Amino acid sequence: EAESAVLRAPIAIGERSFIGPHSTIEAGTKLGHGTLVAAHSRVRGVFPDFSVLAGSPAQVVGDTREIDEIWLAQRPALQEAYARWRATLSSKGIER
C-alpha cells in the first residue's frame with residue numbers, strides 16, 4: 001500500500017544547468033538547458049531553457065541570459081567564447 005504513494009517518473013536536466021545545495025528536484029521534472037536553481041528550492045514541473053528558479057515551490061524568477069549579459073559586460077575577454085557557445089545552441093535546436 002505504501003508503494004502506491006510513491007511517484008516514479010524520470011527527471012530531465014538540461015545541459016549546463018546548476019542545482020543549488022539542499023534543493024529537491026521532484027519526479028517528472030524537466031529543466032531546460034542553462035537553468036539555475038537557487039539553494040533550498042523545491043522543483044516540480046516543466047521549465048524552459050535559461051530559467052532562474054527559486055522558492056518552495058520553485059517559480060521562474062529570472063532568465064540566466066540577462067545575468068550573463070551583466071557578467072560579460074564586466075569581462076570583455078570572455079565575450080568571444082560565450083558567443084561561440086551560444087552559436088552551438090542553435091545547431092542543437094536550443095532556444096537562444
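A nonpolar core is a set of buried Ala, Val, Leu, Ile, Met, Phe, Trp, Tyr and Cys residues joined through side-chain atoms within 4.5 Å. The views below show a predicted model.

**View 1. The largest nonpolar core has 7 residues.** Its members are Ile-25, Leu-31, Val-37, Val-43, Phe-47, Leu-53 and Ala-58.

**View 2. Ser-23 sits in a loop between two strands.** The strands are β2 (18–19) and β3 (24–25). Ser-23 has 19% relative accessibility, so Ser-23 counts as buried; the cut-off is under 20%. The side chain of Ser-23 reaches two backbone atoms. One is the oxygen of Gly-20, at 3.0 Å. Another is the nitrogen of Ser-41, at 3.3 Å. Beyond four places in sequence, Ser-23 touches Val-37, Ala-38, Ala-39, His-40 and Ser-41. Val-37 also belongs to the largest nonpolar core.

**View 3. Ser-41 lies in the loop between β5 (36–37) and β6 (42–43).** Ser-41 counts as buried because its relative accessibility is 2%. A polar atom of the Ser-41 side chain lies 2.8 Å from the backbone oxygen of Ala-38. The backbone nitrogen of Ser-41 is reached by the side chain of Ser-23. Arg-86 is 45 residues from Ser-41 along the chain, and their C-alpha atoms are separated by 27 Å.

**View 4. The largest pocket has a volume of about 170 Å³.** Its lining includes Arg-16, Phe-18, Gly-34, Thr-35 and Leu-36. Phe-50, Thr-64, Asp-68 and Trp-85 line the pocket too. By class, the lining holds 4 nonpolar, 3 polar and 2 charged residues.

**View 5. The model has 1 cavity of 30 Å³ or more.** About 30 Å³ of space lies in the largest cavity. Glu-15, Arg-16, His-33, Gly-34, Phe-50, Trp-85 and Leu-89 line the largest cavity. They divide into 3 nonpolar, 2 polar and 2 charged residues. Arg-16, Gly-34, Phe-50 and Trp-85 line both the largest pocket and the largest cavity.

How values were computed. Residues are numbered from 1 along each chain as its sequence is written. This is a predicted model: local features need pLDDT of at least 70, side-chain atom pairs count only at pLDDT 80 or more; totals for chains, interfaces and linings use all residues. Side-chain values use heavy atoms; hydrogens and water are left out. Helices (H or I, at least four residues) and strands (E, at least two) are DSSP runs, numbered from the N terminus. Buried means under 20% relative accessible area, exposed over 50%, partly exposed in between (1.4 Å probe, protein chains only). A polar contact is a pair of N or O atoms within 3.5 Å; within protein, one must be able to donate a hydrogen and the other to accept it, and residues adjacent in sequence count only if both atoms are side-chain atoms. Contact means heavy atoms within 4.5 Å. On a 1 Å grid over the protein atoms alone, a cavity is a set of points where a 1.4 Å probe fits but cannot get out, and a pocket is an open set with protein on both sides within 12 Å along at least five of seven lines; lining residues have an atom within 4 Å of a point. Grid points are joined across faces, edges and corners, and a volume is the space filled by probe spheres set on the points. Ala, Val, Leu, Ile, Met, Phe, Trp, Tyr, Cys and Pro count as nonpolar, Asp, Glu, Lys and Arg as charged, and the others, Gly among them, as polar.
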